[in-house]
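These are my notebook entries on one structure.

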Amino acid sequence: MTEEELMKKIQELADARAEKFVFKKTARMEHIYTEELPEGEKDVFVLGSDMPKLIYRIFHVSAAGEISEIEDIKVLAEKSRHYSVDIKPTLKLVPPAVEESGEYEIVLENKMPEGAVEIKLKSSTGRDLTMIETYRYFDYVSRIFFVSCVAVSFGGQYLFSVSPDGKHVRLIVGNDENIRKRVDMITELLQNHVLPSYQTIDAGNKALTSQDVRGKVSFPQNDGTTAVYLSQFCYDDLESGNLFAFFIKENDEKNGLMFIQDIVTGRLTLSQAWTEEQKAAADRVQKLMAENKEEFGKHVHSFFADSLDLRYAAFKAGKLTAEAAKAADEEKAAE
């Protein structure tokens, strides 16, 4: 069997597997290497056009010519490492894709009818990739804008971080314990349908970095005019469990308001409606802001950044449920 014939059969097998997934989208298989095994068997290493270079998809060919895909992630990881460490150094030439870095340029994001977002990427070697984003979430504690993407032809999940300029994504690999804890929290919230997500990477990046994107509240005045207040930043008070949002009056930076924002509904409330405990917490936060700006700054984030710790705490306490999140979304849509 020639390489062309082999790749044709592998493509057919990959396409058949793709039909089992909800998006029913195929990906073009690119041949990387064929390893000859004992007894006439082979392992064929390939990359799909819907996957970055992290591990390879590997198709096993029996001595009788029967082809099956290896799906055990541990086996795939070990065989991929085997190629990189043992085989690649012995080769004079390798396909360009083998040398690509873990950073990918964002070429385009397409909103799809079912609410998903398709992302088109280009690798450092010029390879084109198309994936589906599952969430976009900025965690201000780790300072990472996480994006999770799925390779739709076989369901592989990949985690990226977004570059500060919002133009590239980089694969997150390794076992950094602090990052892993944050990702585990995000994953648990996602699985329980209580994780907010920006509409696109571009929209999230603009909300987080643009000075022109501001939250706005308005109050009617006795003289018939309207006072407009613009969002400045938020402060997570982990001690009391409150999310404090700071606003300043439009065209009057010396005039400000402090709200408590509900982590479930996003609703803002002024001090008149606060409990005595919340008022005490606000006094403590304002004192910290005046006396210890460095410590205060550790819990400050953009008005458009979520509070992972407070959200997770509300979820664990039973205050944040999928039903409550859905009701809040419906209320916002009706406004």
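**Entry 1: a helix pair.** I looked up helix 3 and helix 7 in this predicted model and found their axes crossing at roughly 50°. Angles from 65 to 115 degrees would count as roughly perpendicular and those under 35 as roughly parallel, and the two helices are therefore oblique to each other. Their axes come within 11 Å, with helix 7 spanning residues 308–316. I noted the crossing as left-handed.

I then listed the residues that make this contact. Helix 3 contributes Arg182, Met185, Ile186, Glu188 and Leu189. From helix 7 come Leu308, Asp309, Arg311, Tyr312, Phe315 and Lys316. Sorted by class, the contact has six nonpolar and five charged residues, and no polar ones.

Entry 2: I next turned to the second largest pocket, which holds about 770 Å³ of space. Which elements give two or more residues to its lining? I recorded strand 4 (67–70), helix 2 (73–87), strand 7 (128–139), strand 9 (156–162) and helix 3 (177–191).

The lining of the second largest pocket comprises 30 residues. I marked Leu54, Gln157, Tyr158, Leu159 and Ile172 as those nearest the pocket centre.

Technical notes. Residues are numbered from 1 along each chain as its sequence is written. This is a predicted model: local features need pLDDT of at least 70, side-chain atom pairs count only at pLDDT 80 or more; totals for chains, interfaces and linings use all residues. Side-chain values use heavy atoms; hydrogens and water are left out. On a 1 Å grid over the protein atoms alone, a cavity is a set of points where a 1.4 Å probe fits but cannot get out, and a pocket is an open set with protein on both sides within 12 Å along at least five of seven lines; lining residues have an atom within 4 Å of a point. Grid points are joined across faces, edges and corners, and a volume is the space filled by probe spheres set on the points. Helices (H or I, at least four residues) and strands (E, at least two) are DSSP runs, numbered from the N terminus. Axes are lines fitted to C-alpha atoms, for helices over the stretch in contact, and angles run from 0 to 180 degrees between N-to-C directions. Angles under 35 degrees count as roughly parallel, over 145 as roughly antiparallel, 65 to 115 as roughly perpendicular and the rest as oblique. A crossing is left-handed if the near helix is turned anticlockwise from the far one by less than a right angle, and right-handed if clockwise. Contact means heavy atoms within 4.5 Å. Ala, Val, Leu, Ile, Met, Phe, Trp, Tyr, Cys and Pro count as nonpolar, Asp, Glu, Lys and Arg as charged, and the others, Gly among them, as polar.
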